[in-house]
2 protein chains.
Amino acid sequence: MNTPKAHLVDDDEAIRDALSWLLSSRGLPSATYPAAEDFLAAWTPATCGCVVLDMRMNGMSGLDCFDALLDRGSTLPVIFLTGHGDVPLAVATLKRGAFDFFEKPLNDNELATRIGEAMALDALQRAANATLDSVNARVSRLTTRERQIMDLVLAGKYNKVIADELNISMRTVEVHRANLFEKMQVKTAVELANLFKTGR
Amino acid sequence: MNTPKAHLVDDDEAIRDALSWLLSSRGLPSATYPAAEDFLAAWTPATCGCVVLDMRMNGMSGLDCFDALLDRGSTLPVIFLTGHGDVPLAVATLKRGAFDFFEKPLNDNELATRIGEAMALDALQRAANATLDSVNARVSRLTTRERQIMDLVLAGKYNKVIADELNISMRTVEVHRANLFEKMQVKTAVELANLFKTGR
DNA sequence: GGGTCGAATGTGGATATCCACAATACGCAG
DNA sequence: CTGCGTATTGTGGATATCCACATTCGACCC
């Protein structure tokens, strides 16, 4: 897992440097890229923080870069900067999932605040996803039968009822139940249910 | 609970009528209001569907009307119409929770489609809230002790452990447990946990 | 054929949950 | 004082869950 940073992507060096300096004065680490292609080349799924993306750049546009990030499954919050107001474009990018949208000239303090908020959101999302991934990994290790039993346990059914529905003995239900609890790393059915609190 | 309708708020009668007719041809009921004040006077928490709100009107503006709805706790999806492009305003209203934002002249078919989507979202949200309200009503009827026991049951603890932690007998835990299960209308601890799947 | 894995089942015993029936104590309202 | 609601506790018995130890069967691979 990498250090969370604000990834600043703008072909205007003055803006990159000014922003980087401002964020540094707020204790927010940053990395700068003069072109969208540079950022995409450096991006990995473990890249953390947020992206500040100029809409219009030489080479690849900010919007195309955003699309490429989405295609790769990136969940990084993206803040767009633009020098040319265009309502449908602003609306469309926000609906597409962009975190925010700023027109130049920039209100630096407001932008820095939003960058902080975007990075905090990224941290929260990553923590939630780590939990979800861990649960999903455990589920993937269950056998077909164990998975079946788990779904019925999660529906609140007694072992006896489960046995009737699947036409097997209660003892077999108990065995599968014990095995799945071990694989899911829980001791009780309620603990199991709690694993799926935000997972479904 | 009222019939779900697209509530069309615009001081331009031609737009109200054209939209109402278009939605009618798609089987979407609508109601029209020539002023924001008229819509707010008619609004109740049971109003369903969505709101289509012109940004600039004589009298109260669309944005003030939106704020008033939010103040009253309305969850109706709101689609804004505007004749004057303004990126910061569009971005701000979307961030404030508006469902969508359209510039005039309108692309009628796209707007009608979005209205349909907004109404579907409202229906989903209302169903989810009904469930949540029902669960909360049941929780509100629990005694202090029953609530305490419930939290520990939901943490997956055995009755014996709960008794130790609260310094009471296991029999007392059983009694409270039985009482709270009855009030919460569940038969097993897993059913109870499932009530809070999306409630927390 | 031998080994592994998953599914199935049984016995016997321990622990956990559930509850009818019964009772006491305390706080509060009329 | 009486009645009501809540909290607490016990007895005895039934049902549910858990599991050590043991076994068999079928599918698949070497």
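**Entry 1, domains.** I looked up the domain assignment of chain A, which gives domain 1 (5-134) and domain 2 (141-195). The model I am reading is a predicted one. I then took the centres of domain 1 of chain A and domain 2 of chain A over C-alpha atoms, and 45 Å separate them.

I asked what rotation superposes chain A on chain B.

I listed 15 residues around DNA strand C. Those that come nearest are A:T143, A:R145, A:S169, A:H176 and B:R177. By class, I sorted the residues of this surface into four nonpolar, six polar and five charged. Next I asked which elements each supply at least two residues of the surface near DNA strand C. They are α6 (144-154) and α8 (170-184) of chain A, together with α8 (170-184) of chain B.

I also checked which part of the strand faces the protein. Of the atoms of DNA strand C within 4 Å of the protein, 60% belong to sugar or phosphate, and the rest belong to bases.

- A polar side-chain atom of A:H176 is 2.9 Å from a phosphate oxygen of DNA strand C.
- A polar backbone atom of B:N159 is 3.1 Å from a phosphate oxygen of DNA strand C.
- A polar side-chain atom of B:R171 is 3.0 Å from a base nitrogen of DNA strand C.

**Entry 4, DNA strand D.** I repeated the search for DNA strand D and found 15 residues around it, with A:R177, B:T143, B:R145, B:S169 and B:H176 nearest. Sugar and phosphate make up 60% of the atoms of DNA strand D that come within 4 Å of the protein. The residue classes of the surface near DNA strand D are four nonpolar, six polar and five charged.

An N or O atom in the side chain of B:H176 lies 2.8 Å from a phosphate oxygen of DNA strand D. At a base, I found an N or O atom in the side chain of A:R171 at 3.1 Å from a base nitrogen of DNA strand D. The elements giving two or more residues to this surface are α8 of chain A and, from chain B, α6 (144-154) and α8.

I went to the loop between α2 (36-42) and β3 (49-54) of chain A, where A:T47 lies. Is A:T47 buried or exposed? With a relative accessible area of 6%, A:T47 is buried, because the cut-off for buried is under 20%. Leaving out residues up to four places away in sequence, A:T47 touches A:N2, A:H7, A:A42, A:L76 and A:R126. A polar atom of the A:T47 side chain also lies 2.9 Å from the backbone nitrogen of A:T44.

I looked up the buried residues of helix α3 (residues 62-71) of chain B and found B:G62, B:L63, B:C65, B:F66, B:A68 and B:L69. An α-helix has 3.6 residues a turn, so residues three or four places apart point the same way. The buried residues of α3(B) pack against α2 (36-42), β3 (49-54), β4 (78-82) and α4 (87-95) of chain B. After α3(B) comes B:G73, and I noted its positive phi, near 85°.

Definitions and conventions: Residues are numbered from 1 along each chain as its sequence is written. Chains are lettered from A and ligands numbered from 1 in the order in which they are written. This is a predicted model: local features need pLDDT of at least 70, side-chain atom pairs count only at pLDDT 80 or more; totals for chains, interfaces and linings use all residues. Side-chain values use heavy atoms; hydrogens and water are left out. Copies are superposed by least squares on the C-alpha atoms of residues with pLDDT of at least 70 in both. A residue is near a molecule or strand if one of its heavy atoms lies within 4 Å of it. A polar contact is a pair of N or O atoms within 3.5 Å; within protein, one must be able to donate a hydrogen and the other to accept it, and residues adjacent in sequence count only if both atoms are side-chain atoms. Helices (H or I, at least four residues) and strands (E, at least two) are DSSP runs, numbered from the N terminus. Ala, Val, Leu, Ile, Met, Phe, Trp, Tyr, Cys and Pro count as nonpolar, Asp, Glu, Lys and Arg as charged, and the others, Gly among them, as polar. Domain bounds come from an automatic or database domain assignment. Buried means under 20% relative accessible area, exposed over 50%, partly exposed in between (1.4 Å probe, protein chains only). Contact means heavy atoms within 4.5 Å.
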